[in-house]
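Take a look at the structure below. This briefing covers the ligand and its surroundings.

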Amino acid sequence: MSRYELISFDLCPFVQKAAIALQARGVAYEVTYIDLYAERPDWFKALSPYGKVPVLKVGDRGIFESSVINEYIEDTAEGEPLFSADPFERAHERAWVIYASDLNGPTYRLMVAEDSAEAGSEAEQVRQHMTRLEAHLDADGPWFKGETFTLIDVAVAPPLQRLLWIDALAPKLKLFAKAPKVRAWATRLVAHPAVQASTVPDVHDRFLSYLKGKGSPTRDVAASWLGRQAG
Ligand SMILES: N[C@@H](CCC(=O)N[C@@H](CS)C(=O)NCC(=O)O)C(=O)O
């Protein structure tokens, strides 16, 4: 069997999405960290055309793009699948995986917004996402499509985890005010064993350090608006 190596950055939600799928499917893998603020090694640039993480190394070969990595894991791993066998349901799940990944944009821009006006406008984008998710989430849960944990849950867990942390720092943004079912789902997702095992144990501390401008020893950046809320 090939050796799996996940090329990673500790706070990257796309890396976390791949790690959750590996964990949920019970695939053993090693993690290699890249400092995205330093010159990236040539071997990495050869595998990742945009120089982005994650890359999943399978032996000597590499796959980039988190959604494609997760489909490869889905196609090759033993055990319970995370996509439906039915082509229509599978297409529906793929579409929601794309939707879930899109939530990372406003979430990241909210994390690094410099002032309250910028933060407020990104928070509005997030609230619109929350309202749409609330309308499409299975009424009984526990997961997006009901009883079965799917790649939609995998893809949305990283941004929702960050949004729960942001909500705790800045409740006045009311990110989940009109999405109580999404909040409960987010809380369940964060407690899922595959999500728990998908990051470094001190990921929340590292998240706070990042907001305060200390995301990398090679950076010297002022705290974002949210970082200033963290004190
Ligand atoms: N569409 C990509 C996005 C990956 C991505 O944006 N990764 C970020 C870190 S979270 C990155 O490597 N950024 C480095 C850069 O843009 O130079 C995926 O889903 O894998």
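**Ligand and pocket**

A backbone N or O atom of Val 53 sits 2.9 Å from a nitrogen atom of the ligand. That is a polar contact, meaning a pair of N or O atoms within 3.5 Å. This is a predicted model: local features need pLDDT of at least 70, side-chain atom pairs need pLDDT 80 or more, and totals for chains, interfaces and linings use all residues. Residues are numbered from 1 along each chain as its sequence is written, and side-chain values use heavy atoms, without hydrogens and water.

**Contacts**
- An N or O atom in the side chain of Glu 65 is 2.9 Å from a nitrogen atom of the ligand.
- A polar side-chain atom of Ser 66 lies 2.6 Å from an oxygen atom of the ligand.
- Taken alone, the ligand exposes 520 Å², and the protein buries 72% of that (Shrake-Rupley method, 1.4 Å probe).

**Shell**
- Residues around the ligand include Cys 12, Phe 14, Leu 36 and Arg 40 (a heavy atom within 4 Å).
- By class, this shell has six nonpolar, one polar and three charged residues.

**Pocket**
- The ligand takes up the space of the largest pocket (more than half of its atoms lie within 2 Å of the pocket's grid points).
- A pocket is an open set of points on a 1 Å grid over the protein atoms alone, where a 1.4 Å probe fits, with protein on both sides within 12 Å along at least five of seven lines; lining residues have an atom within 4 Å of a point.
- The lining has 29 residues: 16 nonpolar, eight polar and five charged.

Methods. Polar contact = N/O pair within 3.5 Å; in protein donor to acceptor, adjacent residues only side chain to side chain. Nonpolar A, V, L, I, M, F, W, Y, C, P; charged D, E, K, R; others polar.
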